[in-house]
Amino acid sequence: MALDKSYLQYAHRSYGMDHERYDWSMLSNRPAITWPGGKKLALWVNVPLQFFPLDQKGEPFKIQGGMTMPYPDLRHFSLRDYGNRVGIFRFLKAFDKYGVTPTFAMNTELAKRTPYLLDTIKERGNEVMCHGMHMDALHYGGQDKQVEAQLVKDSLTQLRELTEQDVTGWLSPGRNESENTPELLAANGIKYFCDWVNDDMPYTFNTQQGNLWAMPLSNELDDTFIMLNNLHSEESYAEQIIDACDYLLKEANEQGGRILSLNIHPWMLGQPHRISALERVLEYVMDQDVYSACASDILNAYTSQIKT
Amino acid sequence: MKSDPGFYDYWPYENRPKIRWPDGKKMAFWVAPNIEFYELNPPANPSRKAWPQPYPATQGYSIRDYGNRVGHKRQMDLLEKYGIRGSISLSTALCDHHPEIIQMCKERDWEFFSHGIYNTRYTYGMSEQQERDMIKDSMESIYQHTGQKCAGYLAPALSHSELTLDLFAEVGTELFGSEGGIYTCDLFHDDQPTPIHTRSNKPFVSIPYSLEMNDTIAFVVNKIEPRRYGQMLKNNFDRLYAEGEESGTIMCIPTHNYQVSCPHRMKAYEEALDYITSHDDVWITTGKEIADYYLEHYYEQAKTDIAQKNAAALQTALNKGAK
């Protein structure tokens, strides 16, 4: 019994990362920045607006939150749809009540299907980033490059037409990527993407088509991660966000501006029994004198202060 | 395959020879941050996949990288605040990838022990020679970058062979004589140190490392809420501290900077550390210091006690059989 000798060879065992995507850098060693208005903590509320197809193919895997039952899985289809019909309007009221500026990560397919919702967001003037075509149009390792290139192009072109916005941000469905996704995004006018979760601040991500910014959208604080994956209570969700807010604010005061990023789904937190947890969180965080802004504004405030 | 690994004999928790830690302390407390490097594209192992998705596994890889980029400094500052020196379970390739982290820990006199080379290279399927080479490489890396003679082992990603402990003990002797390869964190059978049988019969102990208090087990496997984890740490401490009255106990908190150092978990963790270190009768120490102290003062006594108790139990069984 033995493994191939390559298993004990370590080609990338040298300074920095084991790939060329970004430089090794410890957050605590970076220059301090301040958010507009002298604020220490930026609040980035990111709302995925998603379409989960009933005829889910699940290629190469079934996405979390997607269909799990034999076709037709009406329970999950309609429960996800609930977010776009009902939950989102609870969200909007809460954002307005507490003065929160949200960012919407929209599946292009949903933008096509729900013109009322699209118009509502356009009228509000909030930033829309692209969340891919829909929740069953995954980007994944081994995917045909031409297929993915077309998918990225279609998702962005159509969403830009529909929203009449530049759409410079990207969040992959399931936060999954192929080895080509970053290049395809850069080639299609994307400036920042939110799939990688290795930092609490933006950093430069290298691609052969020009660099992207990786924006730190926490998965650990994602409402579905806490309540659907970890099965924690609504009360615990609120406590976790409040504890994170306290900690980041303290670190921001000592080391320079930080970002509290909340990825929240209207089909999850928009339920009647959960919305108060969101309201409690927003009330608490907005009381801390934070800079509430969309992802692009937060990124621009950051890049304007650092040398690249 | 064996039905029992045979590393240790049955040894009931009651009526053991009484342990007192240095200065008469009744409890030893240590924190073991795992400082790990996971590869984005490791070679495939026949028994275990490194990542659930095909390359690139963006999510799994990047949250672990978060531990080094963001989390390490947070936990290091916190441990320093409470006078705790970390005992690092180290993916030793990190000496090459992130020497800044090694330097910071070295400056604080933290202990480094081997956790393999990468946490994405599993022991499964290795030949004896391959595993020996991997262990030796990891111990040499620690020595080369820190000057420390690696005393402890936690197999990479807790991936073992039947020979793991034997090989670690043997390579330790080969490289550093009686100072190298003296304790393991791989076994979870006790709240006190236990003499371990190895092929080379060298003095070698298991030091309690606690899978239950391990933040990754708590948060990822058991899906524990952060504040409840803080409470569990306090409860774990309270009981072991009380039992230390009878004979010295050990509490270990194994951590990962991509778990406990996330912003929503630090507060509860700090409260627990604050609580634990506010007690007087606690020896705040490292894994190696516990192993050294135990080997010097209690190891022989323990072996004798274990042998006597097993002989007595065997005799009782024989007597019953004779009736």
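Trainee: Is A:Val86 buried, exposed or partly exposed, and why?
Mentor: A:Val86 counts as partly exposed because it has 15 C-beta neighbours inside 10 Å. Buried takes 20 or more other C-beta atoms within 10 Å, exposed takes 12 or fewer, and partly exposed is in between, with C-beta atoms placed from the backbone. This is a predicted model, where local features need pLDDT of at least 70, side-chain atom pairs need 80 or more, and totals for chains, interfaces and linings use all residues. Residues count from 1 along each chain as written, while chains are lettered from A and ligands numbered from 1 in written order.

Trainee: Which helix is A:Val86 in?
Mentor: Helix α1 of chain A, residues 74–98. Helices are DSSP runs (H or I, at least four residues), numbered from the N terminus.

Trainee: New topic: which residues have the most contacts inside the largest nonpolar core?
Mentor: A:Ala42 and A:Leu43, in a core of 172 residues. Such a core joins buried Ala, Val, Leu, Ile, Met, Phe, Trp, Tyr and Cys residues through C-beta atoms within 7 Å. Its largest share, eight residues, comes from helix α7 (residues 234–255) of chain A.

Trainee: And what does A:Leu43 touch?
Mentor: Leaving out residues up to four places away in sequence, A:Leu43 touches A:Val100, A:Leu260, A:Val285, A:Val290, A:Tyr291 and A:Ser292. Contact here is C-beta atoms, placed from the backbone, within 7 Å.

Trainee: How many residues does each chain bring to the contact?
Mentor: Chain A brings 47 residues and chain B 38. On the side of chain B that touches chain A, α1(B) gives the most, with nine residues.

Key: Helices (H or I, at least four residues) and strands (E, at least two) are DSSP runs, numbered from the N terminus. Two residues are in contact if their C-beta atoms, placed from the backbone, lie within 7 Å.
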